[in-house]
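This report is written for a reader who is meeting the structure for the first time. Please keep the sequence and the model at hand while reading.

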Amino acid sequence: MEVPAPAAGDLRAGEVLVALEHGGICGSDLPYFRAGGRPVVEPGRLASAPPGFPMHEIVGRVHASRDPGVAAGDRVVGWASASDALAELVVTLGSGLHPVTADGPGPTTVAAQPLACVMYAVDQLGDLRGKRAAVLGLGAIGLLFAWELRQRGAATVVGVDPVDRTAHAAAFGLDEVLVTGSRPWSESLGPADRPDVIVEAVGHQTATVGDAVRAVADGGTVYCFGIPVRDAYPIDVYAVVRRNLRIIGGLTKERRAVLGRALAHLERFPHVAEQLVTNVRPATDAAAAYAAACRPTAGRLKTVLAL
């Protein structure tokens, strides 16, 4: 699709014009790809999608800026705030970008954006030292959660996914990978087996959150990270009350600061990004790359497009 290019003169305060180099396909993009547009809460309706939708994980070069934190010429990583990054040029909020000081490879630099989301989410979980943790869904985000939970001192980290991610267990700090669905796993646990913390990193369905509530230990915490696509989810409130459970979630705030933390972490542990990005494809293959991402398979984690 050909559309007029955004111009530097059109930027509003806080906005940045970025020439895209690489973009990562996120699991949160996939329901929109399947639906052919932007789903909204009301069933059966689609809101119009902007050109370049859906992609928000970006690395690129700043062409013009009205944000004091980034300057023209900077190479940056972060968010395309309108999720319209399947384009040569994108206008986005500068607060969701961080300059990249090292001229490293774009495909692995993209990994700073999902890692930033994960780090901010784990910040909300408090002191994890000695806790037993589990992650439902071991795609790219789930594996980053496993890594970060272990970095924060979790005593054990178990991953649950019907796709076999055993090959990635050691690289991301997993003690055990269970190749099964969340429902049979949750129903198999005895009181002594229940994790103190469960991260639901699947999203796009209603059952997995309920399975996490069923599986977590009394007094435990469920973090809902997977993007919801319904306006209401069935939760066993009786269990929440009687078992003193905590259910939390949220979007990433303080984005520039947490991107800085993620970049520093990847500089220290470069294997995390190197292991995470398993496929790099040209932007001309975008439709096929998104279609493949909708069918998770062993060995394929993060796909990055060269734009």
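This is a predicted model: local features need pLDDT of at least 70, side-chain atom pairs count only at pLDDT 80 or more; totals for chains, interfaces and linings use all residues.

## The parallel sheet

An open sheet is formed by 6 strands, whose order is E10-E9-E8-E11-E12-E13, and the pairing is parallel. The edges are taken by strand E10 (176–178) and strand E13 (246–249); each has a single partner strand, so one side of each is left without a neighbour in the sheet. From one strand to the next, the twist averages 20°.

Within this sheet, strand E8 (residues 132–136) pairs with strand E9 (residues 156–160) in the parallel sense, over 5 bridges. One of the residue pairs is formed by Ala134 and its bridge partner in E9, Val158. Helix H4 (residues 140–151) lies across E8, E9 and strand E11 (197–200), and its direction is at about 170° to E8.

## The antiparallel pairings

Strands of a sheet pair through backbone hydrogen bonds, either parallel or antiparallel. The antiparallel sense is found among strands E1, E4, E5 and E7, as the table sets out.

| Strand | Partner strand | Sense | Bridges |
|---|---|---|---|
| E1 (residues 15–24) | E4 | antiparallel | 8 bridges |
| E4 (residues 57–65) | E5 | antiparallel | 5 bridges |
| E5 | E7 (residues 97–99) | antiparallel | 3 bridges |

Individual residues show how these strands are joined. Gly23 has Ile58 of E4 as its bridge partner, and Ile58 in turn stands opposite Gly78 in E5. Arg61 stands opposite Arg75, which also belongs to E5. Val77 has its bridge partner in E7, namely His98. Strand E5 (residues 75–79) is mostly covered, with 5 of its 5 residues buried.

H3 is mostly covered, since 11 of its 12 residues are buried. Among them are Pro114, Leu115, Cys117, Val118 and Val122.

Two packed helices are described by the angle between their axes and the distance between the axes. For H3 and helix H8 (residues 255–268), the angle is about 110° and the axes are 8 Å apart. The two helices, H3 and H8, are therefore roughly perpendicular to each other. The crossing in which H3 passes H8 is right-handed. On the side of H3, the contact is made by Ala112, Gln113, Leu115, Ala116, Met119, Tyr120 and Asp123. On the side of H8, the residues are Val258, Leu259, Arg261, Ala262, Leu263, His265 and Leu266.

## Gln113

Gln113 is found in helix H3 and is one of the residues through which H3 makes contact with H8. Is this residue buried or exposed? Gln113 has a relative accessibility of 1% and therefore counts as buried, the cut-off being under 20%. Leaving aside residues up to four places away in sequence, Gln113 touches His56, Glu57, Val77, Gly78, Trp79 and Leu259.

Terms used:
Residues are numbered from 1 along each chain as its sequence is written. Side-chain values use heavy atoms; hydrogens and water are left out. Two strands pair if DSSP finds at least two bridges between them. Helices (H or I, at least four residues) and strands (E, at least two) are DSSP runs, numbered from the N terminus. Axes are lines fitted to C-alpha atoms, for helices over the stretch in contact, and angles run from 0 to 180 degrees between N-to-C directions. Contact means heavy atoms within 4.5 Å. Buried means under 20% relative accessible area, exposed over 50%, partly exposed in between (1.4 Å probe, protein chains only). Angles under 35 degrees count as roughly parallel, over 145 as roughly antiparallel, 65 to 115 as roughly perpendicular and the rest as oblique. A crossing is left-handed if the near helix is turned anticlockwise from the far one by less than a right angle, and right-handed if clockwise.
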